[in-house]
Each structure stands twice: as structure tokens, then as C-alpha cells.
Amino acid sequence: MWRGHLCLLRRHSCRRSLGEKAGLAALHATFLVALWGGVCAAQPRSVALTFDDLPLVGQGGAEEAARVNHAILTALARHHAPAVAFVIEQGVERIGPAQARAILREWLEQGQDLGNHTFSHASLNAITVEQFRDEVIRGEASIGPLLGEFGSRPRYFRFPYNQTGDTREKHDAAAAFLTARGYTVGVCTIDNMDWEFARAYDAALVRNDSATARKLEAAYLGYTADEIDYYGGLHKKIFGREIPQVMLQHANRLNAAMMEQVLALFEEREYRFVTLEKAQADPAYRTPEGVTSYGQMWGYRWANSLGIKVDGRLEPNPPAWITEYGREGK
Ligand SMILES: [Zn+2]
């Protein structure tokens, strides 16, 4: 229902809007000097992990959601990787509040964090600021009390489709509301189109097509590796250095099967796993975001607002057969 749009929009945005807003170049030059000045020698590579659309995207009810989340949590624990999982309250209602909350509680028991991904996953482009406020507040129905049990509260918010407000007025009103309510926006700097691979993967499982499922797993790992490297290079181009990354993935069956190997890809590249709080404490994350109707990764937004030209067409795409197979499976 909600899967998929984010990255499709990102593709558009990279190609159409980058490099078109260089008007603030002088300000940005000053900002960049401050950034570079404030950062010493090369930092070790680091990445914070985030998972969206809990309890589950794709096929399956409460039992499957429990299995998927448990598998992801097990991999995270084995690799000592902190994560924030962003919950859609309507998804909690869909699979049953009691079972869904037990799944969410497992995240907290494992020392992981939960964030707000709104009630119904509505795009801020399509609703009013008033409706947005309501979406945020209703999005706290499960995570608020659960985090309270653990002496915490909802601290992170992720915009559905990463659409942060398509006009200055809307963008700033939403941002001010979130700040007043105690939220930090969970940004993301790497994605791997996992929703697209997962759609095809679900289709392969439904068809008992294990040959395709295995082929797809290999393609997913290859593409994820390419994206990690691509975004590492993108940020080096923007900031002159590598920055802590924030990886966006989703709670789906593909990641339940593949998380061990995805985490290993980071480890092979000598990334350390850090909290979202630590990643976003890097000065790069204080770069102005600018206003866009698209849901692209933050590197593109930062490049745009800093007046640095980057070419989104250089970003790898998933193999075409994955997309086609997933479409046929619908
Ligand atoms: Zn989402």
C-alpha cells in the first residue's frame, strides 16, 4: 500500500532538480568552510541502521510479522548494531494491536529504539499541516506507551516517503511542530531500493519459485554493495570527506532472510554500526535541507542546497528483471 513510492520519487528528483538551485552559494561556501574546519582527520566509517514501515511491509499477518522482525533483530544483535524502527500505527491495527505491540516490545527488549512513521503513512504533499499534526499524534498510540514502559518516549520521526513538505510554509510548519513535540527527524543517506526487491521476492515465494528467490538474493546483495559505495562517494564529493551514514531499509521478508549478509557488506567495508543519534550528531547533518516535493536521500538535498552539482543518473539502478518480476507478481 505504502511501499515503493519513496524511491520512485527519488529517481525523478535526482534527475530533474539537482544543481538547479545555486542561489545560496555564498552562504553555503561559508558553511562548508565551517564544516571542514570543525572536522579533524579522517574518521572511521560508521553507519546507523533504520527500518521503516513496521510491523511488516508486504504479505503476511501477525505470525509472519513476528518472524520477520525476530530475524532482523537476531541479525542486529549478532552484529552489535543499534537501529531505530519506524512504526506505522495503522499497520499495528492491521495485524492486531496485541500481537503487533508484542513485536514492537521485542525491539525495546533488545535495546533498540522505536520511532514514529505516522498513523496512516500519508504523504505530506497530499495533506494539510493540520492533518499532518493529527497523523503524528495518532502515530504515537502504540509506541508512546511502549517506550514509556522502558522509561523513554518517541524521539525520532520519519516522514512517509521522506516527503518533508513541498512548500516552504508547509515544510517549516511541519518541522516546527515536530521540534515542539520533542522529535528529531530521522534522515537517511543510503537506500537500496529494498522495497522493489522485496516485492519481487514476495512474488517468488508465493510462486514457490526458489530458483528466482536465490537469484534475487544475490542480486540484492550486489545492488546493496553498489549503493553503499555510491553514496559513500556522493558524500565525499559534497563534503570532501566521508560522513556517518544512515541506512534506510524496511521490515520485509527479504530483509529477514538477508540482514546478516547486508550487515556483513558494511563490515567488509570497515563500517562501524552506531546509533542514529551519533550519526546525526555529525556537523554534515546540520546542512540546510531546502524544500522539495521529492523523497530523495539527504545527500541529494544537501548537494542541492549547497549548490554542488551531482548527477543522480550515475546512481546504479536495480536489474530490470527484478522490477518486471515484481510487477508480474502483483
Ligand atoms: Zn514508509
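Let's start at Ala279. Leaving aside neighbours within four places in sequence, Ala279 is in contact with Ser46, Ala48, Pro244, Gln245, Val246 and Val274. Contact here means that the C-beta atoms of two residues, placed from the backbone, lie within 7 Å. This is a predicted model: local features need pLDDT of at least 70, side-chain atom pairs count only at pLDDT 80 or more, and totals for chains, interfaces and linings use all residues. Residues are numbered from 1 along each chain as its sequence is written.

Where does Ala279 lie? In helix α12, residues 276–280. Helices (H or I, at least four residues) and strands (E, at least two) are DSSP runs, numbered from the N terminus. Ala279 is buried, because 25 other C-beta atoms lie within 10 Å. The cut-offs: buried takes 20 or more other C-beta atoms within 10 Å of the residue's own, exposed 12 or fewer, partly exposed in between, with C-beta atoms placed from the backbone. Ser46 is 233 residues from Ala279 in sequence, yet 7.5 Å away in space, C-alpha to C-alpha.

Now the whole protein. It has 14 helices and eight strands. Of its 330 residues, 47% are buried. Take the contacts between residues at least 6 apart in sequence: 86% join residues at least 24 apart.

Next, helix α9, residues 194–206, and its partners. Two packed helices are described by the angle between their axes and the distance between the axes. Axes are lines fitted to C-alpha atoms, for helices over the stretch in contact; angles run from 0 to 180 degrees between N-to-C directions.

Partner one is α10, residues 210–239. The axes come within 9 Å and cross at roughly 165 degrees. So α9 and α10 are roughly antiparallel. Under 35 degrees is roughly parallel, over 145 roughly antiparallel, 65 to 115 roughly perpendicular, the rest oblique. On the α9 side, Phe197, Ala200, Tyr201, Ala204 and Leu205 meet Thr212, Ala213, Leu216 and Tyr220 of α10. That contact has eight nonpolar residues, one polar and no charged.

Partner two is α14, residues 320–328. Here the angle is about 50 degrees, with the axes 8 Å apart. That makes α9 and α14 oblique. Glu196, Phe197, Arg199, Ala200 and Ala203 in α9 meet Ile322, Thr323, Tyr325, Gly326 and Glu328 in α14. Nonpolar means Ala, Val, Leu, Ile, Met, Phe, Trp, Tyr, Cys and Pro; charged means Asp, Glu, Lys and Arg; the others, Gly among them, are polar.

Last, confidence. pLDDT is the predictor's confidence in each residue, from 0 to 100. The protein averages 89, and 87% of the residues score at least 70. Over residues 1–40, pLDDT is below 50. Where pLDDT is low, the predicted coordinates should not be read in detail.
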